[in-house]
Amino acid sequence: AAEAAAEAALAQLPPEQAEEEPEEEPEDGGEAVALNGDIDCGDVKSNDLAVKVTESEEETKEKGTEQESTRESDGSILDISSDYPREKHLSIQRQLADLEKLADLNEAEKKPCPLCPEEKFKACYGHKLHRHLQNLHWKISVEFEGYRMCICHLPCRIAKPNFTGDQTFSKMGAHYHCIICSATITRRTDMIGHINRHVNKGETESRFITAPVPKSSREMLKESDTDVQVLPNYSTPQKTDSYFNPKMKLNRQLIFCALAVLAEERKPIECLDAFGATGIMGLQWAKHLRSSVKVTINDCNENSVTMIQENCHLNKMKVKLNTKEEDSDEAIGDGEENTDTIEVTKMDANVIMHLRSFDFIHLDPFGTSVNYLDSALRNVRNLGIVSLTSTDISSLYAKAQHVALRHYGCNIVRTEYYKELAARTVIAAVARAAARCNKGIEVLLAVALEHFVLVVVRVLRGPSPADDSAKKIRYLIHCQWCEERIFQKEGNMVEENPYQQLPCDCHSSMPGRTAVVLGPLWSGALFNTGFLRRMLFEAVQYGLEEAQPLLKTLICEAECTTSKNFSTHSLYDENKQEECGVYIKTPDMLTEAYMVPGKRKNNEAMRNVAKRQKYDNSAEHPAFYYNIHRHSIKGMNMPKLNKFLHYLSEAGYRVSRTHFDPMGVRTNAPLAQFKTVLMKYSTPTYTGGQTEGPLHLTEDAQVGDQLQAAADGKAGDSKFLEENKSEDIATMFTEDCPTHCAAD
């Protein structure tokens with residue numbers, strides 16, 4: 001380019017100035033222009049000059065053409081505006097074996113590396129070349145959509161030339177080829193950031209001609225009589241278009257039971273799986289509930305939509321495709337055995353929930369679901385159900401507290417009841433989003449396990465339910481010493497000493513500030529007993545064995561009882577409908593409430609709902625739970641958990657186990673009485689000859705007696721503590737441990 005510019009400038013000079021230019025010897029075989037100063041004829045000079053300039057321009061064009069052909073063949077730089085697909089660069093492969101095929105490994109012959117020039121890596125035998133490809137190219141590759149972008153050392157990256165005298169130097173370094181825009185990036189971290197920017201812009205479709213994944217490489221999975229095809233990397237999120245997590249099977253069964261209960265209330269219902277992925281959840285809905293539901297599976301990824309269509313055909317379902325926000329529907333395929341139709345859409349989840357109304361919406365994004373609550377609660381129908389699965393457990397379980405504050409506007413810390421704290425955090429976010437739409441919520445189910453937090457709520461339309469739900473969002477006072485907790489009282493007045501609300505007296509006996517304020521959190525009930533019983537009935541009817549034990553535990557937890565007698569083979573009990581706290585279908589209410597879709601309930605029905613909710617509030621299960629191991633006494637053997645529940649219920653308290661913690665106890669007893677009963681039925685672990693046993697036992701007994709005295713609030717607390725203190729001093733000189741234990 002520089003030579004062409006010089007020749008063009010020289011062509012514009014008059015012949016007299018051109019003769020004065022010194023003669024230059026061409027170094028590259030006559031590529032440079034030579035001016036002869038001995039010719040006197042101006043016409044000949046100008047013609048000769050014009051001919052040589054024309055030759056130099058043609059050579060420059062030929063060089064540019066060769067460079068463009070080299071770039072196209074190597075796939076280093078492509079015109080992004082062009083829609084013509086090109087072949088992928090040889091450094092982009094799916095497997096290491098594909099890269100070895102390019103090298104044509106042969107033990108008997110020496111082969112060069114396909115991604116390195118000969119001057120950098122000389123030809124060698126197969127075993128050495130295999131190690132070279134694996135360690136230098138494959139291990140430091142960048143993965144995207146099943147492809148590996150290996151590092152390339154070929155001279156396909158055009159660098160800016162450096163002119164030093166009469167020579168031109170161009171340094172060729174290692175680089176990566178982008179699979180989307182074919183740009184060349186030198187650093188691996190820059191390449192990862194480059195790919196992430198493409199993903200954020202939605203540019204995930206490669207412009208290369210990539211061979212489709214052969215059907216033999218796809219895996220076939222079956223769950224609940226539903227077959228789905230997935231890619232080999234289906235278990236790695238954000239790296240595959242068909243993410244499928246087998247560990248979420250229990251989550252899918254719980255959602256199916258909730259939908260089956262709603263399908264019994266009114267038919268047909270329109271349900272939406274906003275994040276379809278493989279479409280396994282929507283396929284299960286349509287395959288088992290059939291004409292009771294109208295299933296819509298949505299995903300914004302085109303590859304996922306294609307996978308959902310194939311899975312629908314695999315399960316012999318009709319597909320109604322809607323890939324635009326406009327009314328452009330297209331029916332694809334005919335089912336041979338099943339005539340049910342599944343609508344598959346390709347658009348953003350917020351867009352489809354703003355455009356259409358649904359009776360049942362399930363949200364299961366990668367991470368938090370707070371970005372989709374406003375659109376989901378805005379168009380959900382009255383008495384509809386919204387279920388959301390949150391997998392951002394690092395923030396919800398107080399491992400990343402700043403993220404929880406950013407997403408949920410909630411201040412939390414790691415406590416013994418952190419899983420229930422996470423569930424109440426999510427419900428509070430749902431209640432606030434519903435209140436902004438003049439809607440209230442009734443929590444039907446809240447489950448927090450190792451991998452996810454599932455919340456199922458029923459949406460109630462109207463400002464009165466919205467106000468009632470907003471009033472249940474409160475702050476929590478948590479003691480950092482004994483982990484006692486209590487919700488703040490209602491009202492806007494500032495208390496002079498908020499520590500007085502806690503049942504413990506750690507603030508008066510310990511220095512400094514002993515409590516923290518957490519929240520805002522949901523302070524209402526987490527379960528609906530009537531709805532859970534109907535879910536258990538549906539689980540038994542459809543043979544969902546994994547969900548049945550958990551539902552039984554949830555029913556016991558909702559009723560705060562240890563009884564396990566369930567009548568799962570009977571029809572819905574009308575008396576149990578009164579416990580639900582929501583307006584649901586009974587045999588007498590069918591024609592009154594659900595014959596006309598979208599018709600609002602009359603004032604009398606609304607008053608009945610308010611009465612049932614007021615009745616349920618008196619029978620709500622206690623908030624939070626205690627871990628029996630967390631409050632165990634040093635040097636003592638605790639009783640079995642079931643026996644301890646029996647002892648605590650004999651003391652007059654409501655008690656049950658909880659699914660949040662296998663060793664947790666949900667009870668309305670204060671922590672002081674909890675420790676007292678635990679200490680009473682614990683047995684010492686020491687032998688009679690040890691001297692450390694009485695000290696540990698005496699200290700624990702003294703703490704338990706002090707907590708019991710503080711809980712009772714009697715007038716003689718000071719005298720009682722002094723007597724215990726004198727007994728403790730006397731015990732220091734006593735060697736008979738069992739006698740002292742009996743005296744205590």
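This is a predicted model: local features need pLDDT of at least 70, side-chain atom pairs count only at pLDDT 80 or more; totals for chains, interfaces and linings use all residues.
Arg252, Ile255, Phe256, Leu259 and Ala260 in helix H7 meet Ile280, Met281, Gln284, Trp285, His288 and Leu289 in helix H8. Sorted by class, the residues of this contact are eight nonpolar, two polar and one charged.

For H7, which covers residues 249-265, and H8, which covers residues 280-289, the angle is about 40 degrees and the axes are 11 Å apart. That angle makes H7 oblique to H8, because angles under 35 degrees would count as roughly parallel and those from 65 to 115 as roughly perpendicular. The crossing of H7 past H8 is right-handed.

The chain between these two helices holds two local features of the backbone. Most residues other than glycine have a negative phi, and most peptide bonds are trans. The peptide bond from Lys267 to Pro268 is cis, with omega near -15 degrees. Pro268 itself lies in the loop between H7 and strand E12, the latter spanning 269-273. Ala277 is not a glycine, yet its phi is positive, at about 60 degrees. Is Ala277 buried or exposed? Its relative accessibility is 17%, so Ala277 counts as buried, the cut-off for burial being under 20%.

Glu145 is placed in the loop between strand E3 (142-144) and strand E4 (147-149). With a relative accessibility of 24%, Glu145 counts as partly exposed. A cis peptide bond also joins Gly519 and Pro520, where omega is about 10 degrees. Pro520 is located in strand E23, residues 515-522, whereas Pro268 is in a loop.

Helix H4 (residues 96-103) and helix H5 (residues 126-138) have axes that come within 11 Å and cross at roughly 130 degrees. H4 is therefore oblique to H5, since only angles over 145 degrees count as roughly antiparallel. The crossing of H4 and H5 is right-handed. On the H4 side, the contact is made by Leu96, Leu99, Glu100 and Ala103; on the H5 side, by Leu129, His130, Leu133, Gln134, His137 and Trp138. By class, the contact of H4 with H5 has six nonpolar residues, three polar and one charged.

One stretch of the chain carries an annotation. In an unreviewed entry, UniProt lists residues 178-198 as "domain: C2H2-type". In the model, the chain over residues 178-198 is 52% helix and 10% strand.

Leu321 is found in strand E14, which covers residues 318-322. At 11% relative accessibility, Leu321 counts as buried. Its C-alpha atom is separated by 9.2 Å from that of Val305, which is 16 residues away along the chain.

Glu620 is in the loop between helix H21 (603-618) and strand E24 (626-627). Its relative accessible area is 24%, so Glu620 is partly exposed. Which residues does Glu620 contact, leaving aside its neighbours within four places in sequence? They are Lys472, Gly524, Ala525 and Arg654. The C-alpha atom of Glu620 is also separated by 8.8 Å from that of Phe527, although Glu620 and Phe527 are 93 residues apart along the chain.

Totals for the protein chain complete the description. Its secondary structure comes to 26 helices and 28 strands. Of the 744 residues in the chain, 45% are buried. Among contacts with a separation of 6 or more, 64% are between residues 24 or more positions apart.

How values were computed
Residues are numbered from 1 along each chain as its sequence is written. Side-chain values use heavy atoms; hydrogens and water are left out. Axes are lines fitted to C-alpha atoms, for helices over the stretch in contact, and angles run from 0 to 180 degrees between N-to-C directions. Helices (H or I, at least four residues) and strands (E, at least two) are DSSP runs, numbered from the N terminus. A crossing is left-handed if the near helix is turned anticlockwise from the far one by less than a right angle, and right-handed if clockwise. Contact means heavy atoms within 4.5 Å. Ala, Val, Leu, Ile, Met, Phe, Trp, Tyr, Cys and Pro count as nonpolar, Asp, Glu, Lys and Arg as charged, and the others, Gly among them, as polar. UniProt positions are given in the numbering used here, feature names are shortened, and annotations may be inferred rather than shown by experiment. Buried means under 20% relative accessible area, exposed over 50%, partly exposed in between (1.4 Å probe, protein chains only).
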